[in-house]
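Please look through the structure shown here before reading on. The paragraphs after it go through the two chains and the places where they meet.

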Amino acid sequence: MKLWILALLVWGASSTLARAADHPDQQKPPSCVMSETMTQAVRGFLAASSSVGYRGTMLVEYGGDREFIAVHVDPVSGGNELTRLNRAVGATPRPVASLPRVSPGPCHLARYYGLAIEPGSAVAGRATYRLSARPRDTLRLAYVMDLDAEFHVPLRVLAASPEGQILERYEFADIVFSAKAAPASASVSDDELAASKYVLAALPPGFTIVNQGRQPVDFIVLSDGLANVSIFVENQPDALPSGEGFTLRGSSLTYTRGFAQQKLVTVLGEVPITTARLLAEALRQRGGTQ
Amino acid sequence: MTVADAMKESMSAVIDGEGSELDIARVLKAVEEDPEARAHWQRIQQTRGLLRTGQLERSVDVSQAVRQELENQPRRRPLGALGSLAVAASVTFAMVLGGQTMLGHSPLGSAASPIATAVPGGVVPIPGAAPVQARFGAPNPTMPARLPVTKTAPSSASAIYNQLARERFERYAQEHARSTANLQPNALVPFARVPEKAPAQ
């Protein structure tokens, strides 16, 4: 009898191992079931913004506006610049500088977005593959990205609301790749963060605080790896009643919420208004109740 | 290729409720098959809406607009129940067939179906949402510069807060771009969204 039970257990264990060997993804935690191809593609995409240099021209459409922009990205020197080609004759490049950031990684994204890969069409004369990121909830936007097959830089991107409304698109007309540096590993450490006077009673799923400070006003920055949002807090003008309003430029939403005789909260980011409202309502003064 | 004068007359007749069954059939066929005709039909729709409401109407689904016109227009000759069913069925068939052709996938979708099948042109289907026209180089009615807070006229407080939101965007967009650029699909696009008059970095 005991021998029969032992045989059954051995058979069960061996068949489980065999199934796992046939499907390597099943060996990973249930929260991160991704093929190796997908993992490498997403990892390459996440690293590209801080590691690949290029120069090119892109068409950007947001709201009713569209414009051609010449861009130059140099991850080695950090000397990035853009030139708005439709604003003025002989426009001069405008230097821009961004803070180093480390993306949370493919598995984190896969928990909050349905990721899919398929062959893409040629963009700016280069081969691409298409990475679609479909949000698993209504707290973030959807993205369809045609990524360069070699450098993983998005050559064509479409951002849409959870309801399917297209918010923003951009596409390279031409691009020349140059330097490729090691992906940025530096990030803002907790010690460097000047704590804001405000905290969030709760964070939307998947979002983490990536920065905060007190200049020019109290602010907190959150990200889920694709969706990014900043919260700015000011004093509410005495004469202003409670209320809310918003404006949209491309995929960037600006939501302003006033709490009478307390604070004026502005949530700015690439998120739906649902997320912005949640964040505004979750904001509390550190050590206080509201 | 331009829209033939005869077709323009047929479209005008349909919109004015004076189109014959032949006109309706021709318009449906042209709108389905000819992008120029589709664009012309949209222009007529928008012009008509402008005259009627004083505001530019946003028409996305041309077939839907055709159907609405068919439903709204007075029938000069009663078609009877069978005739009405035939017109409705043909319009529905045109919409479904046209939609499926443009979407390029089963209307039932699947878990593995991509969010969009075509970025640069054509219709971009997003599961759970109505198909919308996504085309580079043309004004897109699905990309409003600003969304209304409510469908009714905004209250004075809402108007004030909408204005405050615009001002805050101009004030803080640069800082937001600086903080999050390296976490966005393209590190320079966040800066491109920043209004020109915002202080330079």
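This is a predicted model: local features need pLDDT of at least 70, side-chain atom pairs count only at pLDDT 80 or more; totals for chains, interfaces and linings use all residues.

Chain A has 290 residues, and 42% of them count as buried. Its secondary structure comes to four helices and 17 strands. Of the contacts in chain A with a separation of 6 or more, 48% are made by residues 24 or more positions apart. Chain B has 201 residues, of which 31% count as buried. It contains seven helices and two strands, which follow one another along the sequence in the pattern α-α-α-α-α-β-β-α-α. Among the contacts in chain B between residues at least 6 apart in sequence, 39% join residues at least 24 apart.

Confidence in chain B should be kept in mind. Its average pLDDT is 57, and 35% of its residues score at least 70. Within this chain the lowest confidence is in strand β1(B), residues 123-124, at a mean of 34, while the highest is in α6(B), at 90. Over residues 52-63 of chain B the pLDDT is below 50, and this stretch has 26 contacts in the model beyond near neighbours in sequence. Residues 73-153 of chain B also stay under 50, and here the model has 117 contacts beyond four places in sequence.

Now turn to a sheet in chain A. It is an open sheet of six strands in the order β11-β12-β13-β16-β15-β14, with antiparallel pairing. At the edges stand β11(A), residues 208-213, and β14(A), residues 243-249, each of which pairs on one side only. On average, neighbouring strands of this sheet are turned by 15 degrees against each other, direction ignored.

Which strands are joined to β16(A) by seven bridges? One is β13(A), which runs antiparallel to β16(A). The other is β15(A), also antiparallel to β16(A) and joined to that strand by seven bridges. Individual pairs can be picked out. A:Arg257 has A:Val265 of β16(A) as its bridge partner. The strands β15(A) and β16(A) form a hairpin with three residues between them, and in this hairpin A:Gln261 takes a positive phi near 60 degrees. Five of the seven residues of β16(A) are buried, and the strand is mostly covered.

Helix α4(A) lies across β13, β14, β15 and β16 of chain A, and runs at about 35 degrees to β15(A). Helix α6(B), residues 156-180, comes from the other chain and packs on the sheet, touching β11, β12, β13, β14, β15 and β16 of chain A. The direction of α6(B) makes about 50 degrees with that of β14(A).

How are the buried residues of α4(A) arranged around its axis? Helix α4(A) spans residues 273-282, and its buried residues are A:Thr275, A:Ala276, A:Leu279 and A:Ala280. Seen down the axis of α4(A), these residues fall within an arc of 135 degrees, so they line one face of the helix. The buried residues of α4(A) pack against β10, β13, β15, β16 and β17 of chain A.

What is A:Tyr143 in contact with, leaving aside its neighbours within four places in sequence? In chain A its contacts are A:Ala133, A:Val157, A:Ala159 and A:Leu226, and in chain B the contact is B:Pro185.

Methods: Residues are numbered from 1 along each chain as its sequence is written. Chains are lettered from A and ligands numbered from 1 in the order in which they are written. A residue is buried if 20 or more other C-beta atoms lie within 10 Å of its own, exposed if 12 or fewer, and partly exposed in between; C-beta atoms are placed from the backbone. The arc is that of the directions from the helix axis to the C-beta atoms. Two residues are in contact if their C-beta atoms, placed from the backbone, lie within 7 Å. Two strands pair if DSSP finds at least two bridges between them. Axes are lines fitted to C-alpha atoms, for helices over the stretch in contact, and angles run from 0 to 180 degrees between N-to-C directions. pLDDT is the predictor's confidence in each residue, from 0 to 100.
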